[in-house]
Every structure is written in C-alpha cells, then in structure tokens.
Amino acid sequence: MIRRFPYGYTMINGTITVCEEEAGYVRRIYRELLEGSSMYSIAGRLYNEGIAYFKDSQKKSACKISMILRERKYTGIDGFPEIIDTETFEKAQFSRKPYALKTKGNKKDVPVFDIKIDTVYTPSQSVMIMEQEIKNNLRNCQDSEKLRNMILQLAAEKYNCIH
C-alpha cells in the first residue's frame, strides 16, 4: 500500500483528517522516546504487538519510527491537523542520537545540532567505596530495596562529581 499522507493522517471528503487509531501510535512513539526508549525497542514492541503498519520487521519498523520522529507535519503545519505539540516534537529531536540529527545540504525540517559537552567526571573516594559495596552486595543481596537505594545514592554522588 502506498501512503499519500504521513502515518496518522487520511483524506476524508477532500480534507486531511487525523486517523485516531494511527495517531494514538504516533503519540505513543513520541511518549516512549521521551521516556527513554530507543527507536529500535519501540519498533520491537509495535512489531510484536502485530500493529499492521509495523508488521514487516523490527528493523523496517525502526526506520518507519525514525521517519515519524522527523515529520514536523504532526505539529499541525501545512494544512495538517496537530497530533503532537511543537514542544514535544522539539524535545524528541534532542532525544534522538546526535548522528541521527545531523544532515548535509538543505533538507527541510531536519535540525542540525553541534553538541559539545565541556564537563568532566572525576570520581571521589566515596564513589569508589560505594561502587565496591554495591558489587559486594550484588553477589549475595537478599534485600533488593536496600540495593536499589544504594544505587540511587551512588548515582547522586556521581552527579556531584561532575564539574
């Protein structure tokens, strides 16, 4: 089937209209990406659920998701009704890997980012001690809540070591 409109849209009586079932999957893709899922893992879930548009393979589904994430029409431009807001679209562009955002030439609606990170992480003595305690507890831990709290405390301590 050849699609004339981006996934999530259809034409009814000469008007571009939102296909609510498909639009729900578009919103879900953006939501899951912003919650930290990769395009490939989102594709795997949609493929495994047997969603018709994502039935070819997980790899092809990941490509389709990449196209969905780049499609600015979902924000309600060029006569298309809004499926996601502009803020969500922009956040998704930053969530994607930097290599996926770079482009050569003048491709419309594809942002180009030059990301530089000037931070340094230097672990403190307490971080190294906490890491060793966690490793020891992983071997014979019977209290998963205690281990979880130790890991969260380590994460906070590591964050404090960034400068």
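Visitor: Which residues of helix α2 (residues 39-48) are buried?

Guide: Buried means under 20% relative accessible area, exposed over 50%, and partly exposed in between, with a 1.4 Å probe and protein chains only. Helices are DSSP runs of H or I with at least four residues, strands are runs of E with at least two, and both are numbered from the N terminus. In α2, the buried residues are Ile42, Ala43, Gly44 and Leu46. This is a predicted model, in which local features need pLDDT of at least 70, side-chain atom pairs count only at pLDDT 80 or more, and totals for chains, interfaces and linings use all residues. Residues are numbered from 1 along each chain as its sequence is written, and side-chain values use heavy atoms, with hydrogens and water left out.

Visitor: What covers the buried residues of α2?

Guide: Contact means heavy atoms within 4.5 Å. The cover includes α1 and α3. Just after α2, Gly50 has a positive phi of about 75°.

Visitor: At what angle do the axes of α1 and α3 cross?

Guide: Axes are lines fitted to C-alpha atoms, for helices over the stretch in contact, and angles run from 0 to 180 degrees between N-to-C directions. Angles under 35 degrees count as roughly parallel, over 145 as roughly antiparallel, 65 to 115 as roughly perpendicular and the rest as oblique. Here the axes of α1 (residues 20-34) and α3 (residues 58-70) come within 10 Å and cross at roughly 90°. The two helices are therefore roughly perpendicular to each other. On the α1 side, Val26, Ile29, Tyr30 and Leu33 make the contact, and on the α3 side Ile65, Ile68, Leu69 and Arg70 do.

Visitor: How are strands β1 and β2 joined?

Guide: Two strands pair if DSSP finds at least two bridges between them. Strands β1 (residues 9-12) and β2 (residues 15-18) run antiparallel and are joined by four bridges. Ile12 has Thr15 of β2 as its bridge partner. Two residues lie between the strands of this hairpin, where Asn13 takes a positive phi near 50°.

Visitor: How many disulfides does a search of the whole structure find?

Guide: A disulfide is a pair of cysteine sulfur atoms within 2.5 Å. The search finds zero. Cys19 is partly exposed at 23% relative accessible area, and Cys63 is partly exposed at 48%.

Visitor: Is Arg72 buried or exposed?

Guide: Arg72 is buried, with a relative accessible area of 18%. Arg72 sits in the loop between α3 and α4 (86-95). From Arg72 to Thr86 there are 14 residues in sequence, and their C-alpha atoms are 8.3 Å apart in space.
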